[in-house]
Amino acid sequence: MDLALITAKQVFELFILILSGVVIGKIKMVNEEGKGMLSNLLIYFVVPFMIINSYMSGYNAEILKNMGRMLFYSILTICIGMALSIGITFLMKKEVRGIIRFATTFSNAAYMGFPLIQAMYGSEGVLYASVYVTVFNILLWTVGIVYVSESMSFKELLKKIVTCPPIISVAVGLIIFLARIPVADVLKDTFNVVGGMNTPLSMIITGITISQFPLLSILKDKRVYFTVILRMFIIPVICTLVMYLIHAHGMVAVITIILEACPCAAITTLFAIKFGHDQKLAVGAVTLSTLISIITLPCLALLAGEIIM
């Protein structure tokens, strides 16, 4: 029951922010050009601060072994989701295939997952969750870019990866964490404040985009339901079964499943805007998956707890 209440609170907060964005869009406070500028601000400035901030925690050698297990489980489950997404959408039209693969491969783990992990396992659980987010960020800014930029040449893609601020911030964050570099409190606070803008700004941009489409048409889009079913049901259940088959048990395994079972990443909408994909599909997938996560996340957490704890 506590898990359900925590999840409901997070979902409710997200939808308040989305509703704020809808109002902003409806009253024309932000136009299409402004939305693009906000997206750039988020992707290239706020997200890097958030990533580096996630690594500014104290190094604990005693749990390094569990972090290694978490690294393996994270790579395994995200790659399972990636393989399922690619396989199931293989015959789809190119214009929708990329954004569906992105939406089903990458979850909103950082915002929806972390509060649940904190409530269930405390600070040690959050540390393990940060390993998942490390793998997630690296794959999102490499494989994710490939999903939505299929027309790019290898040279163009490599240049974008090497010069991408989020990728650079992952490297900086890992150095800070592994080398145990001390960071002044004033810098920690600054990174925390700027990184904290990620969720509200993402949701507001999502709301602005929603305001540009009739909501009923989003809910009538069969592609949205297909995306949500794959993201919220098929991938998490198969990941849970695979973890059971390889005898992955304990807190680290359960944390992995909870993070993998989160709704479509909010940044899906931003990438749809940035790379010219179907914004209505992206918005519908993020909105509907976030809404139903109030039911599916606690259920998956309980299922994982029974099977692999």
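Guide: A residue is called buried under 20% relative accessible area, exposed over 50%, and partly exposed in between, with a 1.4 Å probe and protein chains only. This is a predicted model, in which local features need pLDDT of at least 70 and side-chain atom pairs count only at pLDDT 80 or more, while totals for chains, interfaces and linings use all residues. Residues are numbered from 1 along each chain as its sequence is written, and side-chain values use heavy atoms, with hydrogens and water left out.

Arg223 pairs with Asp221, their closest N and O atoms lying 2.7 Å apart; Asp221 is buried at 10% relative accessible area, whereas Arg223, at 27%, is partly exposed. Arg223 also meets Asp278 in a salt bridge of 2.9 Å, N to O. This pair links distant parts of the chain, 55 residues apart, with Asp278 in the loop between helix H14 (267-274) and helix H15 (279-308) and Arg223 in helix H12 (residues 222-245), helices here being DSSP runs of H or I with at least four residues, numbered from the N terminus. Asp278 counts as partly exposed because its relative accessibility is 23%.

The remaining pair is Glu260 with Arg231, at 3.3 Å, N to O, and it joins helix H13 (residues 251-260) to helix H12 across 29 residues. Glu260 is buried at 0% relative accessibility, and Arg231 is likewise buried at 0%. Through shared partners, Asp221, Arg223 and Asp278 form one network of salt bridges.

Key
A salt bridge is a side-chain nitrogen of Lys or Arg within 4 Å of a carboxyl oxygen of Asp or Glu. Helices (H or I, at least four residues) and strands (E, at least two) are DSSP runs, numbered from the N terminus.
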